[in-house]
Amino acid sequence: MAEWNTYYRNEDEEEDLEEEEQTGGDYKATGRDSLVFLVDASKEMFIKGEDGEPSNFDMTMQVVRSVYTSKIISSYRDLVALVFYGTKESKNPRNSFKHVYVYHDLDEPGAQRVQEVDALRGDKGAQLAAKTLGSGEASLGDALWCCANLYSDIKLRLSHKRLMIFTCRDQPHGGDSAKDRQARTKAGDLKETGVVIDLMHLLKPGGFDVSAFFCDIISPPENEEELGLQMEPCGKLEDLRKRVRAKELKKRTLARLSLSLGEGVNVAVGLYATAVSARKPPPVRLYRETNEPVRSKTRTFHTQTGSLLLPSDIKKAQVYAKKQIVMERDEVDAIKKFDDPGLVLIGFKPMEKLKLHHHIRPSVFLYPEEEEVKGSACLFTALLKRCSDRSVFALCRCIPRRNLPPRFVALVPQKEEVDEANAQISPAGFNVIYLPFADDFRTLDPPRCPYASQMQVNKMKEIISKLRFKYRSDAFENPVIQKHFRNLEALALDMVAPEEIEDLIMPKVEQIDQRLGPLVQEFKDLVYPADYNPETKPAAKRKTGGASEKKPKVELTEDELRAHVLNGTLGKLTVPVLKDACKQFGVRTTGTKKQELMDALTFKKQPL
């Protein structure tokens with residue numbers, strides 16, 4: 001019988017919520033994303049650029065390879081496909097479409113697919129593509145029809161369907177009106193089934209005219225945040241990668257809630273994680289002989305009889321007033337439930353009341369969900385504008401999930417920001433700041449150190465001003481995680497050695513020395529004594545009791561242990577003390593965790 005945590009210390013479910021925020025949503029609830037690359041294989045795609053720049057086909061294959069590897073790392077359950085059109089050879093289900101070559105069906109990306117895309121890169125890749133695919137007539141309508149069949153053959157639940165067309169020809173059919181009309185019809189059918197069609201057009205001599213044909217093919221922006229079709233074609237690999245990355249990532253809500261403003265006025269909103277920390281994926285246990293994932297199954301047995309316990313046999317208990325209160329699982333769930341999930345407005349506070357130390361965990365972003373409740377965007381915008389004009393934040397009670405304790409949050413208004421090209425830098429909405437409770441504050445005794453003189457402070461200000469630079473979070477990658485994934489990639493792709501990475505966190509010593517000049521030595525002269533040498537190590541302190549001296553062993557008497565059991569204070573003892581008590585009184589335990597040791601000492605049948 002396990003002791004259940006108090007209501008305001010439900011740490012397990014708090015960790016589950018944070019894990020969902022790290023991953024950006026739950027695949028089981030939303031389904032899988034799907035992405036189809038539809039690539040033009042005409043002769044114009046293989047023409048190299050000036051000054052030895054890669055061809056449009058080579059750039060496309062590099063982007064496809066980048067998406068494959070990123071999908072394997074971030075969302076390996078998503079489905080990806082690679083289809084070529086305008087080829088000489090034909091390869092598709094039932095071979096019902098000419099000049100369409102399905103290189104990869106809709107499936108999860110893997111190491112073999114990455115290797116097959118690598119084979120199409122560079123000069124050797126162009127030769128292999130010419131031999132395997134070839135260049136022939138183009139029929140975008142047949143290619144779109146083939147992609148529609150790929151989607152229809154998938155029996156899994158798909159949350160998001162996207163198709164990206166890579167081409168450098170603004171008129172793929174050379175003015176054939178019948179083929180143009182067929183392509184527009186199939187594009188309309190795909191849009192009706194929920195497929196989003198994007199155009200990643202590439203450079204061509206004389207410029208790419210989007211209005212000539214593709215303006216009727218592509219899908220309109222899904223929401224007002226997206227810019228829609230970019231009129232300028234991609235001439236560089238990095239620009240193409242940015243456009244593909246901006247389109248392929250689907251925004252997932254952490255939770256869809258109702259913001260109650262009082263007197264039955266509710267606004268449908270969604271919580272979004274704008275920035276999450278990158279983590280190493282958890283290890284997967286594999287069976288030694290078949291190398292397949294191993295599924296673990298946990299069973300609970302009675303400590304005295306050894307019989308198997310069913311979930312209905314396991315109760316939860318809490319010691320209160322020297323009595324053990326036993327409760328059923330559904331009773332515990334009912335106690336934990338404070339209210340339905342949602343946001344409840346409490347009031348407004350000036351921005352000066354919100355301090356920096358109130359930020360105790362990563363914030364999330366609040367945005368209206370117009371599809372859930374009509375008029376939510378209008379009322380949300382009015383509230384955002386009013387809070388921003390008056391420089392106040394909204395104080396709310398937030399319950400993001402069922403059976404989670406309520407938290408007080410501050411809704412900080414954020415205005416929309418755009419750059420010179422009218423591209424959105426930051427959206428308009430509220431930043432949700434989780435506020436601490438009173439018992440989260442601690443009283444610290446800071447160490448007493450000598451204060452610096454004004455001359456020393458001024459000298460350090462000069463050093464800091466010399467070392468200032470414009471910080472961007474995306475300019476620094478975690479070298480440990482990068483090295484980890486490079487090693488996995490080298491192992492999966494049978495590479496001789498992993499790709500070398502540059503540790504951007506390491507300081508640039510030479511550049512720092514050039515900027516500072518004599519300031520470092522001047523600061524040392526002001527702070528350290530004349531005979532100070534940082535290279536010399538201080539003398540090691542001698543231990544008085546010898547190296548083999550250990551801490552005295554703490555033993556409990558029978559009366560002390562009985563008193564702890566009756567008062568319910570076994571939790572104050574450490575794990576080593578509990579283990580020694582079990583050995584001392586001959587108590588058999590099923591595990592070495594603290595709760596298991598406490599249960600064994602509490603429910604021992606024979607008297608202590």
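**Cysteines and a helix pair**

A: The sulfur of C398 is 8.3 Å from the closest cysteine sulfur, in C396, too far for a bond. Keep in mind that this is a predicted model.

Q: What's a disulfide, anyway?
A: A disulfide is a covalent bond that joins the sulfur atoms of two cysteines.

Q: Is C387 buried or exposed?
A: C387 is buried, at 2% relative accessible area.

Q: And C398, buried or exposed?
A: Buried, with a relative accessible area of 1%.

Q: New topic: helices. How do you describe two packed ones?
A: You give the angle between their axes and the distance between the axes.

Q: So what are those values for helix 3 and helix 4?
A: The axes come within 9 Å and cross at roughly 165 degrees. Helix 3 covers residues 56-74, and helix 4 covers residues 111-118.

Q: Roughly parallel or antiparallel?
A: Helix 3 and helix 4 are roughly antiparallel, because angles over 145 degrees count that way.

Q: Is the crossing left-handed or right-handed?
A: The crossing of helix 3 and helix 4 is left-handed.

Q: Which residues meet there?
A: From helix 3, M61, V64, R65, Y68, T69 and I72. From helix 4, A111, R113, V114, V117 and D118.

Q: What classes are in that contact?
A: Between helix 3 and helix 4 there are seven nonpolar residues, one polar and three charged.

Conventions: Residues are numbered from 1 along each chain as its sequence is written. This is a predicted model: local features need pLDDT of at least 70, side-chain atom pairs count only at pLDDT 80 or more; totals for chains, interfaces and linings use all residues. Side-chain values use heavy atoms; hydrogens and water are left out. Buried means under 20% relative accessible area, exposed over 50%, partly exposed in between (1.4 Å probe, protein chains only). A disulfide is a pair of cysteine sulfur atoms within 2.5 Å. Axes are lines fitted to C-alpha atoms, for helices over the stretch in contact, and angles run from 0 to 180 degrees between N-to-C directions. Helices (H or I, at least four residues) and strands (E, at least two) are DSSP runs, numbered from the N terminus. Angles under 35 degrees count as roughly parallel, over 145 as roughly antiparallel, 65 to 115 as roughly perpendicular and the rest as oblique. A crossing is left-handed if the near helix is turned anticlockwise from the far one by less than a right angle, and right-handed if clockwise. Contact means heavy atoms within 4.5 Å. Ala, Val, Leu, Ile, Met, Phe, Trp, Tyr, Cys and Pro count as nonpolar, Asp, Glu, Lys and Arg as charged, and the others, Gly among them, as polar.
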